[in-house]
Amino acid sequence: MGEPSCAVLPGSLPGTLLGKVLPKTQKEQLPTMFWLCSIGVNSVINAHVR
């Protein structure tokens, strides 16, 4: 059950850093970027844990 929360932090760090340098239109897409990154990291974690 701890796996999804492990994926959120690495997925949100790049978005947080990019949010400081991206234009406003791209900042509005950051939640989608967080979501996609967290899914990707979660998939990698699940592939290596199982």
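The model is predicted: local features need pLDDT of at least 70, side-chain atom pairs count only at pLDDT 80 or more, and totals use all residues. Residues are numbered from 1 along the sequence as written, and side-chain values use heavy atoms, without hydrogens or water.

Begin with the whole protein, coloured by secondary structure. Of the 50 residues, 18% count as buried, that is, under 20% relative accessible area with a 1.4 Å probe and protein chains only; exposed is over 50%, and partly exposed lies in between.

Next, colour by pLDDT, the predictor's confidence in each residue from 0 to 100. The mean is 76, and 72% of the residues reach 70 or more. Select helix 1 (residues 3-19), where confidence is lowest at a mean of 66. Where pLDDT is low, the predicted coordinates should not be read in detail.

Then select helix 3, where confidence is highest at a mean of 84. Helix 3 covers residues 30-49 and contains I39; S43 also lies in helix 3.

Select I39 and show its side chain. I39 counts as partly exposed because its relative accessibility is 38%.

The backbone oxygen of I39 lies 2.9 Å from a polar atom of the S43 side chain. Is S43 buried, exposed or partly exposed? S43 counts as partly exposed, because its relative accessibility is 42%.

Terms used. Helices (H or I, at least four residues) and strands (E, at least two) are DSSP runs, numbered from the N terminus. A polar contact is a pair of N or O atoms within 3.5 Å; within protein, one must be able to donate a hydrogen and the other to accept it, and residues adjacent in sequence count only if both atoms are side-chain atoms.
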